[in-house]
Amino acid sequence: MKPIQSKEEYQTYVDQKTPNSPILKNCFNAFWVGGLICAIGQIIFEICKIRGIDETNSYTIVSMLLVFCSAFLTGLNIFNKIGKFAGAGSLIPITGFANSIVSPAMEYKSEGYVMGVGAKMFTVAGPVLVYGISTSIIIGIIYIIFNTQSLILV
Amino acid sequence: MDWYMVLKAFITGGIICIIGQILIDKTKLTPARILVTFVTLGVILGGLGWYKYLIDFAGCGATVPLTGFGSLLAKGTISEVQTTGLIGAFTGGIKAAAGGISAAIFFGYIASLVSKPKIKKQ
């Protein structure tokens with residue numbers, strides 16, 4: 001084998017050697033698992049609507065129930081198998097957020113309940129909350145500065 | 001029950017997940033970065049008021065993915081800013097998303113307490 005000289009050469013070599021990830025199959029699995037989770041959410045929402053709960057609370061109930069199911073399944077080591085199969089299909093819905101809290105917490109349980117479970121819960125959820133909340137505060141401040149209907153297209 | 005709405009939620013949620021899957025396969029972003037990207041994108045779209053149309057169209061197909069979580073933060077912030085001013089920018093977001101965040105922390109904590117970590121086979 002001749003030695004690799006440049007970075008580009010190395011990149012093409014790596015591309016040749018790495019197996020092509022079956023992107024179509026992954027996308028299909030992500031589509032139906034993600035879609036199914038959202039459809040279950042919508043069914044819960046419709047049931048709430050029949051019971052006369054208002055829209056905002058219904059969406060909160062949907063999130064809470066899905067989070068509960070996801071945490072429960074992660075605790076039983078079932079969710080990780082779904083995640084391996086579905087990829088983004090179980091990661092992008094709010095189930096993935098719950099999973100990202102439970103699985104490091106479980107893993108680091110041996111380090112104790114405060115610095116193990118309590119701290120490691122936020123390895124992925126922490127950044128999500130930090131960036132989400134910071135951006136929303138900036139949006140609020142921008143809204144105060146330019147309090148015009150032309151910016152907020154509603 | 002509105003089964004047409006369930007179908008729309010299925011398709012919209014699925015498409016959002018496909019976007020995430022393409023990002024995983026085609027770029028070298030870690031799952032944590034993808035989650036952060038989706039939430040931030042949701043906050044921005046929600047702040048511009050565009051995400052509302054997707055929620056009206058697809059219901060839970062738009063609110064269950066993390067972009068919906070982001071748009072909820074933005075929606076809460078803006079409605080709170082309209083009533084209480086600058087303080088609302090700091091209180092509104094979490095107030096609106098409190099149910100999901102608290103549920104995730106509480107159920108997550110309980111689940112990790114009762115479960116046994118999987119013993120890796122040597």
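This briefing describes the two chains of the structure above and the contact between them. The model is predicted: local features need pLDDT of at least 70, side-chain atom pairs count only at pLDDT 80 or more, and totals for chains, interfaces and linings use all residues. Residues are numbered from 1 along each chain as its sequence is written, and chains are lettered from A, with ligands numbered from 1, in the order in which they are written. Chain A has 8 helices and 0 strands, while chain B has 6 helices and 0 strands. Helices (H or I, at least four residues) and strands (E, at least two) are DSSP runs, numbered from the N terminus.

**Chain A**

- Along the sequence, the pattern of chain A is α-α-α-α-α-α-α-α.
- The radius of gyration of chain A is 21 Å, whereas a compact globule of 154 residues would have one near 15 Å. This radius is taken over C-alpha atoms, and the globule rule is 2.2 Å times the number of residues to the power 0.38.
- Along the principal axes, the C-alpha atoms of chain A fill a box of roughly 70 × 45 × 40 Å.
- Of the 154 residues in chain A, 42% are buried. A residue is buried if 20 or more other C-beta atoms, placed from the backbone, lie within 10 Å of its own.

**Chain B**

- From the N terminus on, chain B runs α-α-α-α-α-α.
- Chain B has a radius of gyration of 17 Å, well over the 14 Å that the globule rule gives for 122 residues, so chain B is more spread out than a compact globule.
- The C-alpha atoms of chain B fill a box of roughly 60 × 40 × 35 Å along the principal axes.
- Buried residues make up 52% of the 122 residues of chain B.

**Contact between the chains**

- In chain A, 69 residues are in contact with 67 residues of chain B. Contact means that the C-beta atoms of two residues, placed from the backbone, lie within 7 Å.
- On the side of chain A that touches chain B, α2(A) gives the most, with 17 residues.
- By class, that side of chain A has 47 nonpolar, 19 polar and 3 charged residues. Ala, Val, Leu, Ile, Met, Phe, Trp, Tyr, Cys and Pro count as nonpolar, Asp, Glu, Lys and Arg as charged, and the others, Gly among them, as polar.

Technical notes. A residue is buried if 20 or more other C-beta atoms lie within 10 Å of its own, exposed if 12 or fewer, and partly exposed in between; C-beta atoms are placed from the backbone.
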